[in-house]
Amino acid sequence: MLGGPPPGIDLDPDPAFGGFWGAGMAAYYLDYPGANIGMGLSVHANGAGWYLMAAHERTDSYLDAAVIRVRPNGLQDGVWLVPTPMTVINDATYDPVGRKFYFVGRAKPPSLPSTDFAVTCVDIDSPPEPGPCAGFGVNGTVLISFNLGGAGNDVATRVVVRRNIGLIVAGTAELTDHREVIAVAALYRATGALVSSFGTGGRYTHFIDNGASNKFVKVHAMALSNDPDAQARIYIAGDYSANAALTDYDGYVLALNALAGTPDASFDGNGIRPVALNLGDCGQGVCKDSVTAIAVLATGRLALAGWSGDNDEWRLMMGRLRRDGSLDDRFSGGGLTAYDAGDFRPRAIAERPNTRDLVVAGDVRGFDPPITFQLVAQFEGDSIRLHTSNYARFRANTPALEYSSVAGLLVDADSTLVVGSRRWSATDWDATLFRTLTNDTIFSDHFGGATSD
């Protein structure tokens, strides 16, 4: 665990969940004919268990959108596969109102070398059997091009459901000079048609000008604010190159009006805030900061997690922003700080509703043996003081290849559920869930974690 947490709230693996890999751990094998690659994307409660959303690689190198229903004990209780034209699926979300599942990534239009945003809708209630959502695009999939030039590579990486609009999809689009921009699109959930009042004809692009002739931008996280509709915001976070050599990069948070699809000028003056601790060797031109996870808190403030460092050393970065984009100095005395957690890469962050603690999940690399496993840590809400942590180590066919990665997080008052993937071999990946229980009436046990050994 991260440095051995002090007594406090405990994160114990759920002994009634999973079991084959160890307490609290379950793996799901999407080993359907000819292909055995399955990647976990997100997890959502369904009242009597969970829906795990994943991607399955077919023999034709395209992907199926997969929905796995999971029982409270972690056992699989049904799998639905829907073919897509996508070559990459990056994220997925569930709309409980319409009971629809939306997957986003990229697809290559016929006879074109470029890629477009791709959104596939899955309806598991569709008669006579689950399949693509009727009336949504073509065969349940919508392709969105931003037509900015260059090689035309547009890639969707995140999706959220906006209650009174439909879907908000974010990613990157390529410019003629091979610079990238943040790209956002709004779609109606029923048809997948673009919402014309959002941005320009349903699309918005944001260029971060750093004066460099080359440029990359990444979108790692997206969240919706909890404001009333007229004031609702979309927060988008990631990193961008900060020099022409592409050796430095900074983190950012962008705030858009969720209805209009335009920057919210009340957020740091122009809608976007750089986020960097600059803990790397900046004098040598290797200084890297990235925001990889964000969450809107009950107070309306924005919590963030990422990393800061260089090629040799990384440190967990956490922070909190006020609604105007300024650093909230009530968080850890300055609003942005670092924690020495080894080679820990956060992938998701959430607020525990009963304690307001911050729960962070991500990938951590061990050194002996050099494997990567999934870790979840719980921090005091107003600081980066660690309360407790635990980890899931999924075995591989070859121990030297042992690798598992976090994709998302679901936190409630009683438990934490981490979704991800594990590598069994070079050609076999499986979707995973790791569940821990919250117990704030006992001292945490400081020893061990959820391990299959």
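Strands here are DSSP runs of E with at least two residues, helices are runs of H or I with at least four, and both are numbered from the N terminus.

**Entry 1: ground rules**

I am working with a predicted model, so I note the limits: local features need pLDDT of at least 70, side-chain atom pairs count only at pLDDT 80 or more, and totals for chains, interfaces and linings use all residues. Residues are numbered from 1 along each chain as its sequence is written, and side-chain values use heavy atoms, with hydrogens and water left out.

**Entry 2: confidence**

I looked up pLDDT, the predictor's confidence in each residue, from 0 to 100. The protein chain averages 88. A score of at least 70 is reached by 92% of the residues. Residues 3–9 stay under 50. The model still gives residues 3–9 27 contacts beyond four places in sequence, where contact means heavy atoms within 4.5 Å. The pLDDT is also below 50 over residues 441–453. That stretch has 45 contacts beyond near neighbours in sequence.

**Entry 3: the disulfide**

I searched for cysteine sulfur atoms within 2.5 Å of each other, the cut-off for a disulfide. A disulfide is a covalent bond between the sulfur atoms of two cysteines. The count comes to one. C121 is joined to C133, with 1.9 Å from S to S. The angle about the S-S bond is -65°, and the link of C121 and C133 is left-handed. Which parts does the pair tie together? C121 lies in strand β9 (residues 116–123), while C133 lies in the loop between β10 (131–132) and β11 (141–144), so the joined parts are twelve residues apart in sequence. I then checked accessibility: buried means under 20% relative accessible area, exposed means over 50%, and partly exposed is in between (1.4 Å probe, protein chains only). C121 and C133 are both buried.

D123 has 11% relative accessibility and counts as buried. I listed its polar contacts (N or O atoms within 3.5 Å; within protein, one must be able to donate a hydrogen and the other to accept it, and residues adjacent in sequence count only if both atoms are side-chain atoms). The D123 side chain reaches the backbone nitrogen of D125 at 2.9 Å. It reaches the backbone nitrogen of S126 at 3.3 Å. Leaving aside neighbours within four places in sequence, the contacts of D123 include R99, K100 and C133. I also checked P128, in the loop between β9 and β10. The peptide bond from P127 to P128 is cis, with omega near 0°.

**Entry 4: rings**

I counted aromatic pairs (rings of Phe, Tyr and Trp, the last by its six-membered ring, with centres within 6.5 Å; planes under 30 degrees apart are stacked, over 60 edge-to-face, the rest tilted). The count comes to 13. One of them joins Y240 and Y252, with centres 6.3 Å apart and 50° between the planes, a tilted pair. Y240 lies in strand β17 (residues 233–241) and Y252 in strand β18 (residues 249–257), so the pair ties together parts twelve residues apart in sequence. Are these tyrosines buried or exposed? Y240 is buried at 9% relative accessibility, and Y252 is buried at 0%. F373 and Y391 have ring centres 5.0 Å apart and planes at 50°, so this pair is tilted. F373 lies in strand β26 (residues 372–379) and Y391 in strand β27 (residues 386–393), so the linked parts are 18 residues apart in sequence. F373 and Y391 are both buried. Y51, Y94 and F101 are linked by ring pairs into a cluster.

**Entry 5: a charge over rings, and a histidine**

I checked for charges over rings (NZ of Lys or CZ of Arg within 6 Å of the ring centre and within 35 degrees of the ring normal). R345 lies over the face of W307, 4.8 Å from the ring centre. R345 also lies over the face of W314, at 4.1 Å. Next came H387, in strand β27. H387 is buried at 14% relative accessible area. A 2.6 Å polar contact joins the side chains of H387 and D357.

**Entry 6: positive phi**

Most residues other than glycine have a negative phi. S61 has a positive phi near 75°. S61 is in the loop between β4 (50–57) and β5 (63–70), and is partly exposed at 46%. R356 has a positive phi of about 65°. R356 is in the loop between β24 (344–351) and β25 (358–365), and is partly exposed at 42%.
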